[in-house]
Amino acid sequence: MNTDTDVQITGVRTTFVAQIQRTSQSYPASARQLDYLCNLAEREGMDAEALASIHCNKDVADLTEGEASALIAAINGGQSIVKM
């Protein structure tokens, strides 16, 4: 891994943990939400499957609504860290 990727993963992990602690939703994520997550991750140069695996120990398809929301927020929050 290069330094940018390490910083990116660290920023996403920190934001994800904070967001998931505020979220208690356990409904399955919708197909639309998962598509958005995957597209957003790809645009930011990330792998949604890897993020789901690292942060939730799940495949993207198995994420709950809250977990998917937290990953989306983490990716959005991590943008400033990556672009510094």
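The model is predicted. The protein chain has 84 residues, and 37% of them are buried. Its secondary structure comes to four helices and zero strands. From the N terminus on, the elements run α-α-α-α. The chain exposes about 5100 Å². Carbon and sulfur atoms supply 49% of that area.

How confident is the predictor? The mean pLDDT of the protein chain is 79. Of its residues, 68% reach 70 or more.

Next come the contacts along the chain. Take those between residues at least 6 apart in sequence: 74% of them join residues at least 24 apart.

Now turn to the inside. In soluble globular proteins, nonpolar side chains tend to be buried together. Here the largest nonpolar core has 20 residues. Leu37, Val60, Leu63, Leu71 and Ile75 have the most contacts inside it. Which elements give two or more residues to this core? They are α1 (3–22), α2 (31–43), α3 (48–56) and α4 (65–82). Helix α4 gives the most, with six residues.

Val60 is among the core residues with the most contacts inside it. Set aside residues up to four places away in sequence, and Val60 touches Leu34, Leu37, Cys38, Ala48, Glu49 and Ala52. Leu37, one of these partners, is also on the list of core residues with the most contacts.

Gln33 lies in helix α2. Its relative accessible area is 14%, which is under 20%, so Gln33 counts as buried. Which residues is Gln33 in contact with, leaving aside its neighbours within four places in sequence? They are Glu65, Ala68, Ser69 and Ile72.

Charge comes next. Side chains of opposite charge can pair when their charged atoms come close. The count in this model comes to one salt bridge. It joins the side chains of Glu67 and Lys58, at 2.9 Å from N to O. Lys58 is partly exposed, because its relative accessible area is 26%.

Asn57 is found in the loop between α3 and α4. Asn57 has a positive phi of about 55 degrees although it is not a glycine. At 70% relative accessibility, over the 50% limit, Asn57 therefore counts as exposed.

Last, the cysteines. The structure holds zero disulfides. Cys56 counts as buried, because its relative accessibility is 13%. Cys38 has a relative accessible area of 29%, so it is partly exposed. Cys38 is also one of the residues that Val60 touches.

Note on methods: Residues are numbered from 1 along each chain as its sequence is written. This is a predicted model: local features need pLDDT of at least 70, side-chain atom pairs count only at pLDDT 80 or more; totals for chains, interfaces and linings use all residues. Side-chain values use heavy atoms; hydrogens and water are left out. A nonpolar core is a set of buried Ala, Val, Leu, Ile, Met, Phe, Trp, Tyr and Cys residues joined through side-chain atoms within 4.5 Å. Buried means under 20% relative accessible area, exposed over 50%, partly exposed in between (1.4 Å probe, protein chains only). Contact means heavy atoms within 4.5 Å. pLDDT is the predictor's confidence in each residue, from 0 to 100. Accessible areas come from the Shrake-Rupley method with a 1.4 Å probe; for residues, only the protein chains shown count as cover. A disulfide is a pair of cysteine sulfur atoms within 2.5 Å. A salt bridge is a side-chain nitrogen of Lys or Arg within 4 Å of a carboxyl oxygen of Asp or Glu.
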